[in-house]
Amino acid sequence: MAGAKLDPIDRHILAELQADGRMTNVELAKRVGISAPPCLRRVRTLEEQGYIRGYHANIDARELGFEVEVFAMVRLSSQAESDLSAFEARCRAWPLVRECHMLNGEIDFILKCVAPDLSTFQNFLTGDLLKAAHVSNVKTSLVIRCAKDDPGVPFDVLEDRIARQA
């Protein structure tokens with residue numbers, strides 16, 4: 001299990017940074033119970049090893065005028081690796097696509113899209129997404145409201161699992 005390779009202090013550092021990535025190293029060190037210099041070394045190591053991929057602000061899209069959020073379920077006519085990779089690259093280039101996940105089953109990809117209004121999304125759908133190579137079918141669902149949007153992982157579940165395996 002990958003998470004078990006980290007010691008409890010590293011996991012605590014990750015949990016604290018996930019909850020508040022803006023805290024100072026001094027505050028982080030205090031919260032995890034170590035001094036600041038080793039805390040900073042641990043954070044840098046966690047970054048270098050890929051456990052920490054970046055630091056981001058949680059932006060309220062609606063406050064900025066992005067009133068439309070849509071999930072698009074995409075089926076491709078070809079599941080050849082080159083076609084899947086090409087579609088993923090295309091998704092990375094579309095600004096309205098904020099997330100792109102390849103799935104198994106009836107749907108090949110699910111895309112989370114945001115747009116300032118419905119006509120902007122519709123133009124993207126008909127002008128870009130439906131015209132993309134190997135796209136055979138797209139079903140969309142408009143988000144009415146979001147009940148939960150927790151980033152990251154549930155560290156309490158990880159700690160419980162590690163404790164059961166010890």
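Because the model is predicted, local features are reported only at pLDDT of at least 70 and side-chain atom pairs only at pLDDT 80 or more, while totals for chains, interfaces and linings use all residues. Residues are numbered from 1 along each chain as its sequence is written, and side-chain values use heavy atoms, with hydrogens and water left out.

**The whole chain**

The C-alpha atoms fill a box of roughly 55 × 40 × 25 Å along the principal axes. The radius of gyration of the chain is 20 Å, whereas a compact globule of 166 residues would have one near 15 Å; this radius is taken over C-alpha atoms, and the globule rule is 2.2 Å times the number of residues to the power 0.38. Of the 166 residues, 29% count as buried, where buried means under 20% relative accessible area, exposed over 50% and partly exposed in between (1.4 Å probe, protein chains only).

**The aromatic rings**

Next, select Phe 87, Trp 94, Phe 109, Phe 121 and Phe 124, which ring pairs link into a cluster. The structure holds four aromatic pairs, and rings of Phe, Tyr and Trp (its six-membered ring) pair if their centres lie within 6.5 Å, with planes under 30 degrees apart counted as stacked, over 60 as edge-to-face and the rest as tilted.

Zoom in on Phe 87 and Phe 109, a tilted pair at 4.8 Å centre to centre with 45 degrees between the planes. Phe 87 lies in helix 4 (residues 81-93) and Phe 109 in strand 3 (residues 109-115), so this pair ties together parts that are 22 residues apart in sequence. Phe 87 is buried at a relative accessible area of 3%, and Phe 109 is buried at 0%.

Then move to Phe 121 and Phe 124, which also form a tilted pair, at 6.1 Å centre to centre and 50 degrees between the planes. Both are in helix 5 (residues 118-129), three residues apart, and are therefore separated by about one helical turn. Phe 121 counts as buried at 4% relative accessibility, and Phe 124 counts as buried at 4%.

**The largest pocket**

Now select Gln 18, Gly 54, His 56, Pro 151 and Gly 152, which are the closest to the centre of the largest pocket among its 25 lining residues. This pocket has a volume of about 1,200 Å³. On a 1 Å grid over the protein atoms alone, a pocket is an open set of points where a 1.4 Å probe fits, with protein on both sides within 12 Å along at least five of seven lines, and lining residues have an atom within 4 Å of a point; grid points are joined across faces, edges and corners, and the volume is the space filled by probe spheres set on the points.

Colour helix 1 (8-19) and helix 6 (155-165), the elements that give two or more residues to this lining; helix 1 gives the most, with five residues.

**The second largest pocket**

Finally, select Ile 59, Ala 61, Lys 112, Val 114 and Asp 149, which lie nearest the centre of the second largest pocket, lined by 21 residues. Strand 1 (68-76), strand 2 (97-102) and strand 3 are the elements that give two or more residues to this lining.

Notes:
Helices (H or I, at least four residues) and strands (E, at least two) are DSSP runs, numbered from the N terminus.
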